[in-house]
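Dear colleague,

I am passing on the structure we spoke about, and below it I have set down what came out of going through it. Please read the notes with the model open beside them.

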Amino acid sequence: TEIFHPRWKQILRYEGIKFAILTVGGGIVTLLSWMMPYLSFVFLILLVLLLAYEYFDYAFEGLQLSYAARFTWIRKSLWTFFSSGLVVYLILSIPLIGFLLSPVCVVGATDLVLSRSGDRPRA
């Protein structure tokens with residue numbers, strides 16, 4: 001029998017680095033969109049991609065995909081990845097509803113990854 005031992009320090013370190021990258025990246029993208037409004041659509045696309053990665057990361061971690069495999073999956077399913085990130089972006093713009101629906105967004109992203117990767121558990 002194998003006993004599950006969570007790697008708390010590794011998990012907290014990874015999540016802290018990811019949070020810092022997404023927060024700083026989102027802040028820089030937002031600042032650049034204010035400074036260069038003629039390129040705001042490019043910065044909006046980058047912001048949506050950063051947000052989508054935040055919600056898809058849970059499924060990637062669950063499948064224990066390497067970073068190369070994650071970006072291969074994203075490249076192969078770019079439209080799915082981007083469109084679900086855009087939906088999450090729009091949902092989160094609604095003050096209280098966005099806060100309450102965040103767990104649903106994680107579940108939806110996990111379902112998309114599992115269905116597209118062929119690793120969906122059988123019921």
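The cover over the buried residues of α3 includes α1, α2, α4 (78–92) and α5 (95–117). The model is a predicted one, and what follows should be read with that in mind. The buried residues of α3 are Arg-70, Trp-73 and Ile-74, and they lie on the same side of α3, because the arc that they cover around its axis is only 100°. An α-helix has 3.6 residues a turn, so residues three or four places apart point the same way. On the face of α3 turned away from this buried side are the exposed residues Ala-68, Arg-75 and Lys-76.

Arg-70 has a relative accessible area of 2%, and since buried means under 20%, Arg-70 counts as buried. The side chain of Arg-70 meets that of Asp-57 in a salt bridge, with 2.6 Å from N to O. This pair links distant parts of the chain, given that Arg-70 belongs to helix α3 (residues 67–76) and Asp-57 to helix α2, 13 residues apart. Asp-57 is itself buried, at 1% relative accessibility.

Asp-57 also takes part in a salt bridge with Lys-18, where the N to O distance is 2.8 Å. Here too the pair links distant parts of the chain, with Lys-18 in helix α1 and Asp-57 in helix α2, 39 residues apart. Both of these residues, Lys-18 and Asp-57, are buried.

Lys-18 forms a salt bridge with Glu-54 as well, and in that case the closest N and O atoms are 3.7 Å apart. Which of the two, Lys-18 or Glu-54, is buried, and which is partly exposed? Lys-18 is the buried one, with a relative accessible area of 8%, whereas Glu-54 counts as partly exposed at 32% relative accessibility.

Taken together, these residues belong to a network of salt bridges that links Glu-15, Lys-18, Glu-54, Asp-57, Glu-61 and Arg-70. A search of the whole structure finds 5 salt bridges. As for charge overall, the protein has 10 positive and 7 negative side chains, and the centres of these two sets lie 5 Å apart.

Turning to the protein as a whole, there are 5 helices and 0 strands, so that read from the N terminus the order of elements is α-α-α-α-α. The C-alpha atoms fill a box of roughly 60 × 35 × 30 Å along the principal axes. Of the 123 residues in the protein, 28% are buried, and the accessible surface comes to about 9,000 Å², with 72% of that surface belonging to carbon and sulfur atoms. Among the contacts between residues at least 6 apart in sequence, 66% join residues that are at least 24 apart.

How values were computed
Residues are numbered from 1 along each chain as its sequence is written. This is a predicted model: local features need pLDDT of at least 70, side-chain atom pairs count only at pLDDT 80 or more; totals for chains, interfaces and linings use all residues. Side-chain values use heavy atoms; hydrogens and water are left out. Helices (H or I, at least four residues) and strands (E, at least two) are DSSP runs, numbered from the N terminus. Buried means under 20% relative accessible area, exposed over 50%, partly exposed in between (1.4 Å probe, protein chains only). Contact means heavy atoms within 4.5 Å. Accessible areas come from the Shrake-Rupley method with a 1.4 Å probe; for residues, only the protein chains shown count as cover. Lys and Arg count as positive and Asp and Glu as negative; His and the chain ends are not counted. The place of a charge is taken as NZ of Lys, CZ of Arg, CG of Asp or CD of Glu. A salt bridge is a side-chain nitrogen of Lys or Arg within 4 Å of a carboxyl oxygen of Asp or Glu. The arc is that of the directions from the helix axis to the C-beta atoms.
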